[in-house]
Amino acid sequence: MIGIGEYRIGSFPMMTIGLGSCIGLTIYDETLKIGAMVHIMLPDSAGRQDRPGKYADTAIPLLLKELGALGCKSRSLKAKMAGGACMFEYFGTNLNIGERNAERVRALLKEHNIPLVKEDVGGKIGRSVTFQPANGGKVSIRRANGTSGEL
Amino acid sequence: MKLSTVQSDAIQELGNIGAAHAATTLSQMLGSTVEMSVPAIKAIDIAELGSYMGEESAAMVAFELQGEIPHGGFVIFYISKESAIRLTNTMLGMTDMDRAMNEMDESALIEVGNIMVSAFLDATAELLGFIMLPSPPALSLDMAHAAMASLVAQMGDDVDEVLLFSTELVCEEHKIDSDIIMLPETATLKRIVELMENMMKGI
């Protein structure tokens, strides 16, 4: 299980539970069948380096660097993301962190030329995500309303 | 912010007084006895939040702390989905447990949360002479971790560790189990600790 601000890289199954405004991002290499998953909480690190997985702007370059070190070519990488919800309507009106997280992730992936092939973001609903790099990079989602599906 | 034993005892005492008032109001609403636990203070690393609150369905009524410190953190009325349905049923004299949450539950939860959190904050304000006003309530009926993490993400301090103090309120007769959780920003915590220390010096 990957907690807030944590990430894993490999071919083993990975999971994040209870994503609200946080983002569960997966980056998968279809040639090498390995992948990375990170549980991002905020869009911007404002210069902080000590927990790179917590922020979109530090997490994405780090995952790409580590995947690169394992031999992944950026042209065979594909990203998927889930989360970015607004759990509380009232607070959401002034500061929608979920939406800002999702926007930042999209922009950063574009900047690094990584295609975002699927996403399940927004709304007012919690999501749990499992990622199986060894099984074709399968990403499954379970939503708080009992529905589930594949990304 | 790290707390010394004396400081955490002081906050525990404050939580005790606040929760006792909240318990009384809950007891009046249910017409039944409500027991409360000793308030617990937990410092939780955000990466570990998932082992404290998981995927379970829960209702959370959250209030932002306002007043002297404009964005002071959050106070949350937390109740599991089963307890929430039992709470509405008890208040409205219904018995059907096997049902989905509806608008009636939502209104009841917001109202109960409002009354309890107001009682909690009134009591602590009176004791400390420090005004903490609740914002209008916001309700989430969802995975507990998703709601809690979203509140932590909205805090002004970019923290890696959150300090939660929670008191469990239990009504055995109706099997209702709930919590009042306070998630203070560092500025609020500092102010509370300072006021509690001054108060104890005076005794």
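Residues are numbered from 1 along each chain as its sequence is written, while chains are lettered from A and ligands numbered from 1 in the order in which they are written. In this predicted model, local features need pLDDT of at least 70 and side-chain atom pairs count only at pLDDT 80 or more, whereas totals for chains, interfaces and linings use all residues.

**Exercise 1. The sheet of chain A**

Determine the strand order of the open sheet in chain A and state which strands stand at the edges.

*Solution.* Step 1: helices (H or I, at least four residues) and strands (E, at least two) are DSSP runs, numbered from the N terminus. Two strands pair if DSSP finds at least two bridges between them.

Step 1: the five strands of the open sheet follow the order S1-S4-S3-S5-S6 in chain A, with mixed pairing. Strands S1 (7–10) and S6 (116–121) of chain A each have a single partner strand and stand at the edges, so one side of each is left without a neighbour in the sheet. On average, neighbouring strands of this sheet are turned by 10° against each other, direction ignored.

Step 2: within chain A, S3 (residues 23–29) and S4 (residues 34–40) pair in the antiparallel sense over seven bridges. A:Ile27 stands opposite A:Ala36 in S4(A).

Step 3: helix H1 (residues 56–69) of chain A lies across S1, S3, S4 and S5 (77–83) of chain A, and runs at about 165° to S4(A). Axes are lines fitted to C-alpha atoms, for helices over the stretch in contact, and angles run from 0 to 180 degrees between N-to-C directions.

**Exercise 2. Dimensions of chain B**

Compare the radius of gyration of chain B with the value for a compact globule.

*Solution.* Step 1: the radius is taken over C-alpha atoms, and the globule rule is 2.2 Å times the number of residues to the power 0.38.

Step 1: for 203 residues a compact globule would have a radius of gyration near 17 Å; chain B has 17 Å, which agrees. The C-alpha trace of chain B spans about 50 × 35 × 25 Å along its principal axes.

Step 2: the secondary structure of chain B comprises six helices and eight strands.

**Exercise 3. Two helices of chain B**

Describe how H1(B) and H4(B) pack.

*Solution.* Step 1: H1 (residues 5–30) and H4 (residues 103–128) of chain B pack at an angle of about 145°, with their axes 8 Å apart.

Step 1: residues are in contact if their C-beta atoms, placed from the backbone, lie within 7 Å. The contact includes B:Leu14 and B:Ile17 of H1(B), and B:Val112 and B:Ile115 of H4(B).

Step 2: the residues of the contact of H1(B) with H4(B) divide into 13 nonpolar, four polar and one charged. Here Ala, Val, Leu, Ile, Met, Phe, Trp, Tyr, Cys and Pro count as nonpolar, Asp, Glu, Lys and Arg as charged, and the others, Gly among them, as polar.

**Exercise 4. Partners of S7(B)**

Identify strands that pair with S7(B).

*Solution.* Step 1: S1 (residues 35–36) of chain B pairs with S7 (residues 161–171) of chain B in the antiparallel sense over two bridges. The bridge partner of B:Glu35 in S7(B) is B:Val170.

Step 1: S2 (residues 40–45) of chain B is joined to S7(B) by six bridges and runs antiparallel to S7(B).

Step 2: seven bridges join S7(B) to S8 (residues 176–184) of chain B, again antiparallel. In the hairpin of S7(B) and S8(B), with four residues between the strands, B:Lys175 takes a positive phi near 55°.

Definitions and conventions: Two residues are in contact if their C-beta atoms, placed from the backbone, lie within 7 Å.
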